[in-house]
Amino acid sequence: MGNFVANEGLSIFVILVWLGINAYLFVQFYMNFLVERWFYTRVLLGHALSWARAPAACLNFNCMLILLPVCRNLLSFLRGSIQCCSRTAARQLDRNITFHKLVAYMIAFHTAVHIIAHLFNFEYFMDAQLNRNSSHLPFILSEIGDNENVSFLNPIRSNETSPTIVMFTTIAGLTGVVITLALILIITSSMEVIRRSYFEVFWYTHHLFVIFFIGLVFHGFGRIVRGQTLGSLNRNKPDTCANRFEEWGKNESGCAVPEFAGNPPMTWKWVVGPMFLYVCERLVRIYRSHQKVVITKVVMHPSKTLELQMKKKGFHMEVGQYVFIQCPSISRLEWHPFTLTSAPEEDYFTVHVRIVGDWTQALYEACGGNKSELQEAWKLPKVAIDGPFGTASEDVFGYEVVMLVGAGIGVTPFASILKSVWYKHIQNNEGVFTKKIYFYWLCPETEAFEWFADLLQSLERQMTERDMADFLSYNIYLTRWKETEAAHFRVHHEAENDPITGLKQKTLYGKPNWDNEFTTIASAHPGTKVGVFLCGPQMLGKSLEKQCISHTEAGVKFIFNKENF
Amino acid sequence: MGKIEWAMWANEQALAAGLILLTGGIVGVAGQFRGWEFASYAIAAGFFVCMLEYPRSKRAKGTSVERTGQYCFTVCVKAFGPVTRNYYVRAFLHAALCVPGGFMLATVLGCVCLGIASLIYLAAAVRGEHWEPILPRKDTRKPVAESIKSPPQNPPPRPPPEIRRKQAKDVEGAAYDNPIAVTDE
């Protein structure tokens with residue numbers, strides 16, 4: 001059980017509250033339609049009415065929620081404000097995309113229930129029109145409103161139509177079809193396979209949400225769900241008048257013909273707030289994209305990595321944050337996220353871009369990657385930056401002891417942290433809360449070391465100068481090697497500097513034994529909270545999480561933080 | 001957008017459409033709606049589309065991720081040879097299958113979704129894509145760079161940390177025999 005509550009407790013609480021609100025809304029609105037006012041509607045529809053209205057209420061609630069987790073600037077702001085009160089609460093905001101997905105699944109579920117219930121409703125409405133028997137209450141109810149058009153109950157007004165035609169000729173039906181189609185397209189293009197490999201399809205199709213929200217707001221404008229008006233309830237009480245429907249409107253009966261009206265549209269009240277916040281979010285992004293960003297240096301690293309050093313007026317970052325970069329000459333509509341690899345103390349900011357896809361390849365070429373001579377500064381492409389946005393790495397300095405684990409390119413956020421830690425120590429040795437850093441870098445190939453090894457070399461040199469060699473303990477694991485290389489390592493392992501990285505700390509081979517590592521750290525730092533930060537594959541995350549949970553005991557608490565995009 | 005394989009998305013869309021058609025059909029039959037014959041057709045068509053679309057194709061570039069338990073479906077679909085391999089055939093098949101769904105409200109949504117899937121398949125076919133079965137083991141792995149061979153069979157070239165520590169203090173006690181002779185080439 002160990003650390004499970006500390007790691008997961010708040011998430012579970014949030015999910016339970018959200019599910020609870022969904023359940024409450026469902027039941028509440030189901031019951032709302034079992035009252036007297038809806039008696040005659042239920043004569044036509046039975047419980048299918050409630051089954052359609054209850055998920056509709058849940059849909060209003062969830063559509064309100066779904067825009068909020070993707071307002072990154074808002075979340076960054078909230079994160080900054082909450083952080084002073086509770087680090088746990090701030091960490092919760094890292095899971096925004098997971099929550100966004102959960103809400104999306106709930107929307108899909110409620111949409112399905114809503115549509116199936118309405119299929120029954122349409123069928124029953126049609127039945128009422130087709131069974132043209134004057135001693136049949138549903139038919140009489142359907143006839144109401146033929147003369148004075150306003151007061152009808154049954155939206156299907158004749159027996160010569162069909163539910164399909166009615167659906168396409170009412171506002172509710174048409175908007176319903178459009179938004180359901182938009183929802184289905186959004187969902188199919190958000191499947192992991194499509195999202196990870198063809199990001200642009202996912203990104204552009206996802207913008208159908210604009211149509212979704214517009215359709216959603218107009219969905220209720222036709223006021224197609226109709227109940228008895230309050231005035232009419234006085235003149236025609238269903239419990240006494242329902243059976244005497246043949247006498248409605250006649251003077252002696254005491255029962256007037258019932259009048260019906262639809263509910264005013266409610267959805268806009270739920271979604272207008274988040275829609276406004278999201279619009280602000282996009283405006284902020286547009287504003288930021290027009291701020292001038294200058295590329296001051298471009299470095300091509302051997303491991304197909306491009307380093308860009310940039311400057312922007314008024315840019316302020318924290319460690320481990322990321323930015324979205326747009327390059328109008330490559331694509332006007334695409335914004336791609338990259339972790340910042342520079343420290344806040346420097347007066348420029350850098351990103352290391354790995355060249356893996358269309359866009360990154362185009363960026364490489366635009367910066368002169370495939371030319372042999374140096375690129376002139378004025379030929380460098382114009383870029384725009386949105387961000388920086390906060391992630392778990394910001395929390396590093398709140399822990400006294402920290403374990404940083406990066407796999408391959410996942411080491412990038414930690415570059416920023418290590419540099420920043422170093423600057424902080426130079427400037428203010430005693431004031432830094434973090435006393436010890438354990439750094440693990442897992443890498444399959446030697447070329448990948450190159451740009452990061454430079455950083456570690458300079459840190460190592462400076463630490464020895466200041467006699468602070470044991471502040472940072474780093475372990476580099478080479479997880480694959482060639483046989484020829486292996487021979488070279490064996491012969492040179494006695495040398496002072498490591499044959500691969502040139503660092504004093506030797507490279508280790510194979511995968512780390514996490515159990516040993518955690519036990520060693522736990523025994524070296526009893527009674528402290530150790531922050532474990534990972535940027536790497538899910539499998540590694542799962543095994544680290546397990547280690548955190550199992551090694552948390554008697555004072556030592558391992559808190560696991562995972563970086564995600 | 002250059003490297004997108006449209007068939008991947010068409011496949012997701014068609015599978016979703018099959019499920020929606022199936023659900024709409026079940027509702028139509030269970031509720032005994034007017035036009036339930038179309039609903040029973042939708043159940044059959046939806047089921048067929050799901051069976052056809054469940055096995056994912058192998059991607060032209062990059063790693064292909066199988067759906068759970070898709071191997072038997074792959075074998076069945078592969079058995080039809082060029083009919084299932086060609087995406088023009090699939091596009092027209094889906095277009096034809098979706099039409100009867102439009103006659104009944106319960107199946108209209110499935111009909112439109114399948115129509116959209118058919119259009120995306122048409123786009124895939126025009127770009128020359130075709131369906132390839134994902135067969136176990138054979139060539140699903142990317143060809144690994146020449147310098148990196150299979151996971152090391154030899155022990156790490158340096159003795160483990162415990163022995164290295166001993167070496168510093170007690171040279172004789174830390175004698176370590178590397179089972180395989182390692183020479184400097």
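User: What makes strand 9 and strand 10 of chain A a pair, and in which sense do they run?

Analyst: In this predicted model, strand 9 of chain A is joined to strand 10 (residues 436-443) by 7 bridges, and the two run parallel. Pairing requires at least two bridges between the strands, so the 7 bridges found here qualify strands 9 and 10 of chain A as a pair. Within strand 10, Tyr438(A) stands opposite Met403(A).

User: How do you know that strand 9 of chain A also pairs with strand 13 of chain A, and which residue is the bridge partner of Leu404(A)?

Analyst: Strand 13 (residues 529-535) of chain A is linked to strand 9 over 6 bridges in the parallel sense, and because two bridges are enough for a pair, this count also meets the criterion. The bridge partner of Leu404(A) in strand 13 is Phe533(A).

User: Why is strand 9 of chain A called mostly covered, and which residues lie on each side?

Analyst: In strand 9 (residues 401-407), 7 of its 7 residues are buried. Side chains in a regular strand alternate between the two faces of the sheet. Here Val401(A), Met403(A), Val405(A) and Ala407(A) are on one side, with Val402(A), Leu404(A) and Gly406(A) on the other, and all are buried.

User: Why is His110(A) called buried?

Analyst: The relative accessible area of His110(A) is 4%, and buried means under 20%, so His110(A) is buried. His110(A) lies in helix 6 (residues 96-130) of chain A, and, leaving aside residues up to four places away in sequence, it touches Asn22(A), Phe26(A), Pro55(A), Cys58(A), Leu59(A) and Asn62(A).

Conventions: Residues are numbered from 1 along each chain as its sequence is written. Chains are lettered from A and ligands numbered from 1 in the order in which they are written. This is a predicted model: local features need pLDDT of at least 70, side-chain atom pairs count only at pLDDT 80 or more; totals for chains, interfaces and linings use all residues. Side-chain values use heavy atoms; hydrogens and water are left out. Helices (H or I, at least four residues) and strands (E, at least two) are DSSP runs, numbered from the N terminus. Buried means under 20% relative accessible area, exposed over 50%, partly exposed in between (1.4 Å probe, protein chains only). Contact means heavy atoms within 4.5 Å.
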